[in-house]
Amino acid sequence: MQQNRNALKVAVVAVLTAVVVVFTMVVRIPTAKGYLNLCDVAICFIAFTFGPWSAFIAAGLGTALADLISGYAQWAPISFVVHGLEGLLIALIVRQKNDKEAPMIRKLLAGLVCIATVSLGYFGLSSLFISTVSVAAAEIPGNIAQSAVGFVLGLGVSGAVKRAYPPVRSLAW
Amino acid sequence: MTTSTFVAGKGWLYRFDPRAKILLMLLLCVWFFLPVHLVGLYCVVALVMFVGALNTGFSHVSKTFRSILPMLLFMVLFMPFNVRTGRPLFTLCTLTIVTEEGLLQAARLAGRFIGISYVCTLLFATTIMNEVMLALRWYRLPYKAGLVVTLAFTYIPFISDSFNQIAESHRLREADREQGRKFLQRLRDLVPTLTSALVVALRSIPNLAMSLEMRGLGLQNKRSQYHNLASYRHPFTHFLLSVIIPLVLWLLCKA
């Protein structure tokens, strides 16, 4: 039974990691200053549906792999920490003991935490290790927009997937 | 979607043991934060770029540079205005615009950024992902973590293709509505595409879990491995070089 559970955990995390990579790399919505990617949609969906540990590993690993593949290897450790933490915190906030939906106030709090984690995390770590405070500060508005849009879409997608594919609940661990 | 970062080549960096290469990458990343002369810093950056050009070709080096150029420009253009200390170089009335200290800091940060970018890129351009994973396993990365990354790389093209097909079908259905849609409407219209792509991906999980179970994941018996790093000769020499190179560079360039 334990072996069965281990295989399921590995399969869930592997596929969700691939989903995060694809959402980060394939979907790019052009904006005035560059583009938005949808990694936060995948991360929020995973956090809402699969729980904190799946969210932490898949979000961190997925975004780090996307950075490696795109040729921005120097950002990979930062993405791993920031997005991993984002997934973990959102999942911890919205986690429910029973099968009911989390109340709206908790979802709102999760949204705020999501935006704060991404924007402040990237600001702090990139100004410390890669760029400068001014360059890192210039990225804050873009990160806020991306995580806010990602959170709202992730919330919508999470409900839609649960309705379209009910067995998804049995895959969570 | 191409997930490979490997650039085929025959240079000496390709023959360098991946375990030693990871150590060298980490030590060089640390090196860029050490207190060194600015000239020394740029000499090392030039050396790394030269080694990169010798091994992966000039086109790869220029491609990497183009990818970091926008951020680099931003850094170089705005950094000098944020540092007000030091000898003023350009003043407007009584306001100091650029100082020598600001320019030096901008140059140092830009050099560090270029150096770290090239060092990280070179590791993945000269080592196939399979060998990176084997090297990380040698550094005691848990087996399951390595398996997750390998499986994720296998599934990325499948999920990406499914996503593109689904997006195309949705676009065809809404061809007449494509014109003049607002940003929010376009975002809202993404939900069905994302939902369908996610359902396709999630449906593959039970099959994958079953195949992993059938192949004996979690059993206590030691698993056989088809790939190993035994083909790399002289690992000790490579490890020694990985430690000596940053050390010598630091002794030569320390401030």
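Predicted model: local features only at pLDDT ≥ 70, side-chain atom pairs only at ≥ 80, totals over all residues.
1. Where chain B touches chain A. Four helices of chain B each supply at least two residues to this side: H4 (58-82), H5 (100-126), H7 (143-173) and H8 (183-214). The largest share, 19 residues, comes from H8(B). By type, the residues of the side of chain B that touches chain A are 39 nonpolar, 13 polar and four charged.

2. Extent of the interface. The contact involves 56 residues of chain B and 55 residues of chain A. The size of an interface is often given as the accessible area lost when the parts come together. Here the two chains bury about 4,700 Å² between them, and 83% of that lies on carbon and sulfur atoms. Of the area that chain B buries against chain A, 13% is supplied by B:Leu198, B:Leu202 and B:Ile205, more than any other three residues.

3. A helix within chain A. Helix H5 of chain A runs over residues 104-129 and has 26 residues. From its first C-alpha to its last it reaches 37 Å, close to the 38 Å expected at 1.5 Å a residue.

4. Burial along that helix. Which residues of H5(A) are buried? Among them are A:Lys107, A:Ala110, A:Gly111, A:Cys114, A:Thr117, A:Val118, A:Gly121 and A:Tyr122. The cover over the buried residues of H5(A) includes helices H2 (39-50), H4 (76-94), H6 (133-138) and H7 (140-164) of chain A.

Conventions:
Residues numbered from 1 in each chain as written. Chains lettered and ligands numbered in written order. Heavy atoms only, no water. Contact = heavy atoms within 4.5 Å. Buried area = accessible area lost by both parts, 1.4 Å probe. Nonpolar A, V, L, I, M, F, W, Y, C, P; charged D, E, K, R; others polar. Expected span 1.5 Å × (residues − 1). Buried < 20%, exposed > 50% of the residue type's maximum accessible area, 1.4 Å probe, protein only.
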